[in-house]
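Please open the model in your viewer and prepare to select residues by number.

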Amino acid sequence: MHNMEQKKIEENPPIATLERKLEGHTNFVGSVAVSPDSAWAVSGSDDNTIKTWDLETGQCRATLEGHKKEVRTVAITPDGTRIISGSWDKTIGVWDAETGRSLVYLKGHKGYVKSVSVLPDSRRLLSCDSGDITLKLWDMDSGNCIKTFKGHGGSVESVSISSDGQRAVSGSFDKTLKYWDLETGQCLATLEGHSGFVYSVQITADGRYAISGSKDKTVKLWDLESRTCRGTFEGHKNKIYSVALSPDGKLAASTGFQDKTVSLWDLISGACVQVIEVDASPISVIFSPDGKRLVVGTASDAVIFVYRLTGVTGAVRDVTDQRYTNAKVVGAVRDVTYQRYTNAKVVLVGESGVGKSGLAHRLIEDKFIPTDSTHGMNVWRLDLPIEEKKSLERETLLWDLAGQEDYRLIHQLFLNETALALVLFNPQKNDPFAETVDWLKALGAAVTKNKPGQPIKLLVAARTDVGSITVSQKKIDRFLEEHGFAAYLPTSAKSGFNCSDSLNNNQPSSLKQAIAQHIPWPLLPWTSTPRLLRELKNAVLAMKEEKLGLLGFPVLAQRLKQELPKEVFGEDDVRTAVSLLANHCLAMPLQFGDLVLLQPEILNGYASAVIRAARSHTDEIGCVSQDDVFQRRIDMTGVTRLDRAEEDLLLRAMVQTLLDKSLCIAEDTDKGKQLIFPSQYRRERDIPVHPEIFVSYTFTGELAVVYTTLVVRLWYGGGYDNKELWCNAAEFSTPGGKTMGLVMERSGEGEGTISVFFHHDAAEDSKVMFSEYVHRHLHKYGREVRRDRRYVCGKCGNPVIDRDTVRKRLAAGREFIYCQDCDAKIPLLDRIEQRLASEPVARRVALMDEKAGLALSSQALEQILDGHMMAICGEANQVFRLVSRFDYGIDGEIEFKDDQGNPSGKKIYVQLKSGGSHLRFRKRDNSLVFDVKNPRHLKYWQTQPVDVYLVIRDEEKVIRWMNVTPHLRTRQNKASLQLLFTGEKLDAAALLRVRETLLQAPVKI
Ligand SMILES: Nc1nc2c(ncn2[C@@H]2O[C@H](COP(=O)(O)OP(=O)(O)O)[C@@H](O)[C@H]2O)c(=O)[nH]1
Ligand SMILES: [Mg+2]
């Protein structure tokens, strides 16, 4: 540790000191709560029990039994009379706090109850679950569910209610938080920003702010009024299962599961004020209401740690609205080892060839560098004339995105968090803004829904040296006004006009000044990070420019040690730094081989080549053979390429990314595996006419992305028998042979319409599911979505023409409309319309989406495992071959080389397990078992001439392997389909150990 750091810590005595440990539970303590008078605590455990504890003496007062499964959440009513528990047995228990008697079980959740929070009236409570992915409001006295809140797209893990009982926040596996009005059940806002599951949320007493803990290793602070992220706290090395707020709203606590720490954060200054090292993995945390204690539950050790706190006050009523904002940093930063900074993302957008890269070079190097407009994407640090604040560093990154059509599908991955966009146009063109509008819509779609007017946009005329500006100033002015640009500037990268510092007497150029002036700094979230992590991140960012290709983490760590000789750090810290950069798309750790790509943009280049290949398929069917991609039989013009071995790996990572993002379909055909891009189909199809269209949606956003992801997910999740694609249309048929489909048209600038149509006698049930799926998808991915339900008169058979009126009447809750032709009453709320919003449909749609997700991630996992084998065999300099003997349960073989580097003939076989989950913990003894799905494999594996190894990726995404041959030969129960899985981590060292053993025997020639 640095002397400085040591000294600082001595000057700042710890806030928390260990008081005692509470022992008694026998399994994970997933939840803790403290009574309103701060005298006692309650804990819920995976041992299915609840315990109450006297905080003064540490005595266990009672053990409450009754739940049939893990108790993952506990709470105490504000009046202190009742204890609430939520369990994986799907019930919520209500207990008398005094006697420990069970009062009632609330039943209604279809999945695990993950979290409960009690309203101030001590009568009602809010709960959430993993099955229906809903929140439920209950009346404890009657035992009734009063209201169900829907909206999340993944397991809802955590809920928290403001102390006035008006508002709630929830956190979910869909990576978002939702902000709710408890009275109306309305979702007021969806807070996006985490790049991993959200495990835990807490709202401040006044309901103004919330904090969240996530799998992405960060804690975030949210302003619920402006619905934006205010800050991010970094420092944990792994997932954060639980967060808590001190009663005075000034401190946050977060539990780091793998790093075995609880961090205390000062929410006002952003500093980490203490890192408590816990002697176990902490998974739950709570402050006592008097501010005197912190209670921490841990994982397998099942111990509860109680800390005494100093300097933390109990609940305060009056806190100014200014807290947590940049404007007012109150109090000194207590720990200099943490730094706070704000990062502004500035992107250059505009059609291909307009001059983006030229301008980027000018801004960065103040030189004109002729470029080839096929070039992909680049990121640089941009020096701006901005006022530096001592407590808050500001930094700007300039992103140059490629403008070609082939890149658009993947660009959306990089547009989010944009603070300011430089929108370039060619002023010599007659219609210079034609493509610009698409870009503006794409930008709007990428930035979160809750920030109207963002990002800030500057309109830039490029290449003005080429000729005079033909577009009239009036037209420019109108365009500026219409789209809310903050400023307009004509530039020339070549001459340096308005963009060269040296031409401006070495003062920042006009463009730089405009950028600096318009970045909305106070609105941008800050990040608080340990000094070391910041140094590491900066060093990694600097290395991006070296174009290093794929790097192994050990090599990267080595490089960083040269760059930062004074720092003491390990590979772990490097991993953390890289994954934090990855949260902002600034680096890409591969999911296999322990490798990182410092320039994710290289992957984009390859992806665009694949998409281009799919578009140019001779049959116009938008697909490309996976083999052609892996064997480089596609046109790679303009792609920044890596060397062959790295490229082999990156191509797999690229296909995996496309699958993970639902951007393509991987389908096995008699011609091998095909990668299908629905948006690249060019085969025409007549657009169906009335009366087949059932409903249509008009929306804006990145149209191709919205359409592609919709088709891909329906393809995988719908369980449809037959699927056919056309140019901007897709058809699916049910087992009964009834067809449903959708068609997309561009209906305006940056605006599209997706219409759903049905075959005449498609079953009502299929119609309901299909249209509800489309509905949800569009609301998730599209912007400015407008729904138009189409009606047909039951009497004369004519379609209703006036859709505007239909929309208005539906919104007003009217139940019918008159036919414009025959005056008959046409019911608006027909059976389908009524069923659409119902709970069972929502649940089935969520299941459908889950199925799509699973199928896609299984496809992606196949790429990961193949890639992993190639990467580690490459690293260990051994030979890996994929073989296709799937029926026998063998996917590949490894041949070891002898000491001279020649193939030795010594081999092992591997089976790469990419299907659904194969590993589970056996209840009986909690040991990890592998379920063999195909009994024939067991026999086959035993009779092979060489040993067979199972390769599996576990829940923590660690790829492990195990030699099953000796195990199968010696085991007792020959008929069992369970294998005790004792696999070790599969890396190059593990591979070389096997080689060692095998080659000890004389080598066969
Ligand atoms: N005359 C002139 N040519 C430029 C200027 N900026 C870029 N170019 C050239 O115009 C072409 C397209 O520019 P580029 O920056 O690659 O466009 P991008 O596709 O938007 O990145 C290239 O040949 C550049 O060298 C400029 O300011 N003036
Ligand atoms: Mg370019």
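The model is predicted. Begin by selecting Phe-173, which is partly exposed at a relative accessible area of 26%.

The structure holds 22 aromatic pairs. The rings of Phe-173 and Phe-197 are stacked, because their centres lie 3.9 Å apart and their planes meet at 15°, under the 30 degrees required for stacking. Phe-173 belongs to the loop between strands E15 and E16, and Phe-197 to the loop between E17 and E18, so the pair ties together parts 24 residues apart in sequence.

Next, select strand E20, residues 219-223, in which five of five residues are buried. In a regular strand, side chains alternate between the two faces of the sheet. On one side of E20 are Val-219, Leu-221 and Asp-223, and on the other Lys-220 and Trp-222, all of them buried.

Now display the neighbouring strands in turn.

- E19 (residues 209-214) runs antiparallel to E20, joined by five bridges; Ala-210 has Trp-222 as its bridge partner. In the turn of this hairpin, Lys-217 has a positive phi of about 75°.
- E21 (residues 228-233) also pairs with E20 in the antiparallel sense over five bridges; Val-219 has Phe-233 as its bridge partner. In this hairpin, Arg-227 takes a positive phi near 55°.

Finally, select Arg-534 and Tyr-341: the charged end of Arg-534 sits over the ring of Tyr-341, 3.8 Å from its centre.

Methods:
Residues are numbered from 1 along each chain as its sequence is written. Chains are lettered from A and ligands numbered from 1 in the order in which they are written. This is a predicted model: local features need pLDDT of at least 70, side-chain atom pairs count only at pLDDT 80 or more; totals for chains, interfaces and linings use all residues. Side-chain values use heavy atoms; hydrogens and water are left out. Buried means under 20% relative accessible area, exposed over 50%, partly exposed in between (1.4 Å probe, protein chains only). Helices (H or I, at least four residues) and strands (E, at least two) are DSSP runs, numbered from the N terminus. Two strands pair if DSSP finds at least two bridges between them. Rings of Phe, Tyr and Trp (its six-membered ring) pair if their centres lie within 6.5 Å; planes under 30 degrees apart count as stacked, over 60 as edge-to-face and the rest as tilted. A charge sits over a ring if NZ of Lys or CZ of Arg is within 6 Å of the ring centre and within 35 degrees of the ring normal.
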